[in-house]
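Dear colleague,

Please find the structure below for your records. My notes on it follow directly after.

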Amino acid sequence: MESQAPSTSGSKKQSNMFGREIKTIKQYQQKGNEIIMDYCEIDRDSPLMFPPAPKQTYIDVYIDEEPSSITFEKDKRLQANYETEVLVYRALEMMNELIFVLHGFEYTHHQYRMCDTSHVRKNCGKCKNAAKIEGECDFLVIGKNYIVIIEVKNIPYDKNEELTELITKELTGSLAKSRKQGEKVKSLITGLLKQVFCKIDADMRSQYISSLLFPTPTEPYLRI
């Protein structure tokens, strides 16, 4: 009985798929360069903010008499988180160097798997709905030779009061979530740099910062 040669259709299909995605990444790079040349004033010593004003997601004002409901408290926390991000946005806006600041950076699963060459698509449930948002970070800062990922968390805490077990637990959970989000974005950027430049230059540093902002009765302070 003659042995049949193994089919190469599967590997050929996979090769074609990766070839299309590399082409897509190159198109992203080309369009990005065109946007910078057409719309960005790069001969400057101040940040370029995207969007040019803080990204508004939640309502601005609450009624004086606050209703007692879980939904309301959740919405109020989301609004406080947004206001915290605005403070960080304004701080980045005041920097005296040319940086690109992306507020509310999001990416889909499809974009992530294009950049992460180690991603295994077989039996990946997310690949069935690849256009869905995979992850995000509050701020992505791109400098001349560095990239900074910033996650901002707002925990209601008065620094003059003693830390309770509940607050400590919330702080620990927020920090763990921030690190998880940051590492995911870091792997996305690292994979993208490898595919666009074939390697990551020695002076290209990917740095992760987790920022926790604690509002106090008088003014907030920032801990990094």
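Met 49 stands opposite Val 101 in β2. This pair belongs to the contact between strand β1 (residues 48-50) and strand β2 (residues 100-108), which pair in the parallel sense over 3 bridges. Here two strands pair if DSSP finds at least two bridges between them; helices (H or I, at least four residues) and strands (E, at least two) are DSSP runs, numbered from the N terminus.

The model is predicted: local features need pLDDT of at least 70 and side-chain atom pairs pLDDT 80 or more, while totals for chains, interfaces and linings use all residues. Residues are numbered from 1 along each chain as its sequence is written, and side-chain values use heavy atoms, leaving out hydrogens and water.

Strand β2 also pairs with strand β3 (residues 133-142), in the antiparallel sense and over 8 bridges. Within that pairing, His 103 has Phe 139 of β3 as its bridge partner.

Thr 108 likewise lies in strand β2. Thr 108 counts as buried because its relative accessibility is 16%, where buried means under 20% relative accessible area, exposed over 50% and partly exposed in between (1.4 Å probe, protein chains only). Leaving aside residues up to four places away in sequence, Thr 108 touches Ala 130, Ala 131, Lys 132, Ile 133 and Glu 134; a contact means heavy atoms within 4.5 Å.

As for the protein chain as a whole, there are 4 helices and 6 strands, in the order α-β-α-β-α-β-β-α-β-β from the N terminus on. Of its 224 residues, 34% count as buried.
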